[in-house]
Structure formats: structure tokens, C-alpha cells
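Have the structure open as you read.

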Amino acid sequence: MNQPFIVNISENWNNIMMSRHMNLFLIPTVLLTSVTLLVNPILSLCILCFPSLRQENRYLLLANILFTDMLFLTINLTMVSCNSMGLHMPHWLCKFMMASMVMAYSTSVLTITLMVVDTYVAVRWPLRYKEIFTPSRARKIIMSLWVLAAGCPISLLVMFEVVMDHYKQSLPVCLVLIAVLSLEQRKVGVHSFLISAVSLCTVLVVYCYIHLYIITKTSGIWRGRYSRARMTLLAHTVLLMLYFVPPLVFAVELALLKRDNSDEVGVWINLVNMCVLMLLPRCCTPYLYILRYREIYRTVQRVLWKKRPQSQRSAA
């Protein structure tokens, strides 16, 4: 029962994409991915290679987000490219990439949530912050996030193996949405877990931001319409929304997509989510933090332009 469904919906999905020229969504995917991968490796190396940045917890968390984003973008670009060009991916590779994609996205969401918690702890207990959140403890927490984030995709991988145990044929389209939909009754559990996880992270972020405002409202940092604190809060709020909206869109897709057919609207929503919405926060993150943190900006500037005077002197 599952095998014919997977084959039918994959072929139907592929036919809709080709007939409506939806493979053009590959263009924004390549552009957004290229713009992000142009900066992320440089920024990550600056954080990891300079001890002054590496000893700061917020920069360690930022480096983890940049790494997970690069992993996600690479996998997403591969899957979108294969789907758009009609390349059939081997079944084992498709399942592995789907699990890795879910793990990378989950780690990004958990890490950016932890960054908000880190800011809250630093403001709430400034004198004890170094004792509470040491760099070594931050590294252990980051590793724990990876282990926690790996739980969901590993469970999905096991369920995929059970459902598609006797089906080893490559599919026209490799999508997490179709694979999760094929799980039948298990789909409800996946849907509930996704909604609960995103809601829990959102509640935690909102709680921290509200208490941050209460703690700092008498300090004067919120005075002025365009104060640094207001602009920082606005930028981080938009970035958090961009990270949290795609999982909710995926949950809506999972609830609306029926097993008996896949309409054009569902294909459009999925492509917009995969090719635009999931990539926007990853494209904005490195540039936002380069502008937000002066230490990172100066370090990147020193790395990129330190050889320029030397080359000019050599030419002279």
C-alpha cells in the first residue's frame, strides 16, 4: 500500500513541477545559497581561529549556527537540484539526506533559541555569568544539542526503513514531506512533535525577551525610536520569525496534503518553503551578525584586508 502511494505521488509531483516550469525555483535556491556560502566559511574560520572570539559563548553558538546552516544549504541545494532536473536519487541516499536535513534544521533552531537564553542569563546574572556559562560548558551544551537534534531524524529514518523495507527503487522526487506522509498513522505523531517543539522554543524565546525588557527598561537603553537596543531586538525578532516560520509551514503542508492526490497549490507551497523561506534566515544571519558585533566585523576586516597593504608595498 505504501509503495504504490510513494511512487504515484512522486511521479505526480514531478509531472506538476515539469508542466508548470517550477524547476525555475532552482534559480533563487542557487542565488541564496551562493550568497550565504560566500560569507559563512570566512566568518566561521574567524571565530574558530581567533582565541578572543573563540572564548566568547555567543560567538561559539554563532559558529555552530553557521556550520549547521552550511550543512543544511548543501543538502537542500542537492535535493532541489535533483528534483528540478529529474535526477533519480538512490533510495538510501535520499533517506540519508532527508534525515541529515532534518537534523541540521533542528540544530539551527535549537542553537538560535539557546543564543536568546544565553543573552538572558548574561543580563539576568552578569556577575555569575562566566561561572554559569563557561566556554567548556558551552561546548558540551552544543554537543548535547546535536545529540538532541539527531533524535528526531534517527527516529524518522527507522520508520522509513520499516515502511519502505521492501521498496528499493529510486523515486523521481526526494522530499521529506512525501516520506513523512507515507508513514500513515505515524504521521500524526510527527505532526504533533513538530508543532510542540516549535511552540516550546517560541514560548522560551518570548519569555526571555519579555524578562530582558523588564530587567533593562530602567537602564535607558530603550530611549529613542532608533536606539541600538530597539534595532537589535527588531533584527533578532525578524530573524527568529524567519527561522521558525518554515517548520510551521511544513506542518500546515503535512496537515493539508492528502494521500490520494497532490495538487498544484501544495507543490507551490512546498517549493516556496524549500527554495525561499528556509533560505532567507540563513542568508541574513552572517551579514546581520557582522554588522551587529564590532569584534567580528573588525576581525573579518583584518583577515580580508591585512594582505592588501603588503601587496601594495611589494608593488611599490
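## Before we start

A residue here is called buried when its relative accessible area is under 20%, exposed when it is over 50%, and partly exposed in between. Keep in mind that this is a predicted model.

## Salt bridges

There are 4 salt bridges in the structure. One of them pairs the side chains of Arg 20 and Glu 264, with 2.9 Å from N to O. This pair links distant parts of the chain: Arg 20 is in the loop between α1 (2-19) and α2 (26-37), while Glu 264 belongs to helix α12 (residues 264-277), 244 residues apart. Arg 20 has a relative accessible area of 47%, so it counts as partly exposed. Glu 264, at 32%, is partly exposed too.

Arg 58 is involved in two pairings. Its side chain meets that of Glu 56 at 4.0 Å, N to O, and it also forms a salt bridge with Glu 295, where the closest N and O atoms are 3.7 Å apart. Arg 58 sits in helix α5 (residues 57-85) and Glu 295 in helix α14 (residues 294-305), so this pair ties together parts that are 237 residues apart in sequence. Through shared partners, Glu 56, Arg 58 and Glu 295 join into one network. For accessibility, Glu 56 comes in at 28%, Arg 58 at 27% and Glu 295 at 36%.

## Cysteines

The torsion about the S-S bond of Cys 94 and Cys 174 is about 100°, which makes the disulfide right-handed. Cys 94 is buried at 8% relative accessibility, and Cys 174 is buried at 3%.

Cys 49 is exposed, with a relative accessible area of 52%.

## Core and surface

The largest nonpolar core has 88 residues, and Trp 13, Phe 72, Met 79, Met 98, Met 101 and Ile 296 touch the most other members. Helix α6 gives the largest share of this core, 14 residues. Leaving out residues up to four places away in sequence, Met 101 has contacts including Phe 72, Met 79 and Met 278.

Ile 214 is in helix α10 (residues 186-216) and is partly exposed at 47%.

Note on methods. Residues are numbered from 1 along each chain as its sequence is written. This is a predicted model: local features need pLDDT of at least 70, side-chain atom pairs count only at pLDDT 80 or more; totals for chains, interfaces and linings use all residues. Side-chain values use heavy atoms; hydrogens and water are left out. Helices (H or I, at least four residues) and strands (E, at least two) are DSSP runs, numbered from the N terminus. Buried means under 20% relative accessible area, exposed over 50%, partly exposed in between (1.4 Å probe, protein chains only). A disulfide is a pair of cysteine sulfur atoms within 2.5 Å. A nonpolar core is a set of buried Ala, Val, Leu, Ile, Met, Phe, Trp, Tyr and Cys residues joined through side-chain atoms within 4.5 Å. Contact means heavy atoms within 4.5 Å.
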